[in-house]
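Me: I'd like to learn how to read a fold like this one, feature by feature. Can you walk me through it?

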Amino acid sequence: MDLRIQKTEHAIKNAFIELRSKKPLEKITVKELCELAMINKSTFYSHYEDIYALSETMEQETVASIIGSIGHLKDYTPEKSDIYTRELCLAFMSQISLIRILFSGREQSHLGYRLDTALKEMLFHKYPEFRNDMSKQLLISYCIQGAYHAYLNNPQADTDTYVATVEQIVRCLKPLL
């Protein structure tokens, strides 16, 4: 990618994060983002259709980064589901500042949904039989969404307690996998 394009993308995303940390997505205007990023509106529109497309892109990149930071995910087996759950929790928590900004307000449920969808696709690729097994799909969603919402609803929990508890829950559910 051209260096100028990279710098512009960086400026747009940084301005978006700064604005998003202060206000809901639907209150951010292209005009104020462009002023903060020091670009003109036509430059913004050459990169994104609108603010929502920018938000969508950044959400997708965040989920890809979380999943990409899970070590040896391609080696996943149901027998090791607790280990991968631990890694998912730690990967999620390593980006918690960005997550709290991008997925706040009305977008709060987007992360759980996106993680659920992305991780299921990876599992379905490795275990095609899971795609048609509704009990496996429900169990996977329960683990992913449950871990995410447990974190959101218990912000006072320290990292060790949170990760150990989620890992223990998945360990108990392991026979169902």
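This is a predicted model: local features need pLDDT of at least 70, side-chain atom pairs count only at pLDDT 80 or more; totals for chains, interfaces and linings use all residues.

Me: How many helices and strands does the protein chain have?
Reply: Helices (H or I, at least four residues) and strands (E, at least two) are DSSP runs, numbered from the N terminus. Here you get nine helices and zero strands. From the N terminus on, the order reads α-α-α-α-α-α-α-α-α. The C-alpha atoms of the protein chain fill a box of roughly 55 × 35 × 25 Å along the principal axes.

Me: What share of contacts joins residues at least 24 apart?
Reply: A contact means heavy atoms within 4.5 Å. Among contacts between residues at least 6 apart in sequence, 65% join residues at least 24 apart.

Me: And what percentage of the residues is buried?
Reply: Buried means under 20% relative accessible area, exposed over 50%, and partly exposed in between, using a 1.4 Å probe and protein chains only. In this protein chain of 177 residues, 42% are buried.

Me: Which residues touch the most other members of the largest nonpolar core?
Reply: A nonpolar core is a set of buried Ala, Val, Leu, Ile, Met, Phe, Trp, Tyr and Cys residues joined through side-chain atoms within 4.5 Å. The largest one has 52 residues, and Phe 16, Leu 33, Phe 44 and Leu 111 touch the most other members. Elements giving two or more residues to this core include helix 2 (30-37), helix 5 (81-94) and helix 7 (108-126). Helix 8 gives the largest share, seven residues.

Me: What does Leu 33 contact, leaving aside neighbours within four places in sequence?
Reply: With those neighbours left out, Leu 33 is in contact with Ile 12, Ala 15, Phe 16, Leu 19, Phe 44, Ile 51 and Leu 54.

Me: At what angle do helix 1 and helix 4 cross?
Reply: Axes are lines fitted to C-alpha atoms, for helices over the stretch in contact, and angles run from 0 to 180 degrees between N-to-C directions. The axes of helix 1 (residues 3-20) and helix 4 (residues 51-68) cross at roughly 95° and come within 11 Å. That makes the two helices roughly perpendicular; the label covers 65 to 115 degrees, while under 35 counts as roughly parallel, over 145 as roughly antiparallel and the rest as oblique. Helix 1 brings Ile 12, Lys 13, Phe 16 and Ile 17 to the contact, and helix 4 brings Ile 51, Leu 54, Ser 55, Met 58 and Glu 61. By class, that is six nonpolar, one polar and two charged residues. Ala, Val, Leu, Ile, Met, Phe, Trp, Tyr, Cys and Pro count as nonpolar, Asp, Glu, Lys and Arg as charged, and the others, Gly among them, as polar.

Me: Is Lys 13 buried or exposed?
Reply: Lys 13 counts as buried, at 17% relative accessibility. Beyond its neighbours within four places in sequence, Lys 13 is in contact with Tyr 48, Leu 54, Met 58 and Glu 61.

Me: What about Thr 62, buried or exposed?
Reply: Thr 62, in helix 4, counts as buried at 3% relative accessibility.

Me: Which residues do ring pairs link into a cluster?
Reply: The cluster is made of Phe 92, Tyr 148, Tyr 151 and Tyr 162.

Technical notes:
Residues are numbered from 1 along each chain as its sequence is written. Side-chain values use heavy atoms; hydrogens and water are left out. Rings of Phe, Tyr and Trp (its six-membered ring) pair if their centres lie within 6.5 Å; planes under 30 degrees apart count as stacked, over 60 as edge-to-face and the rest as tilted.
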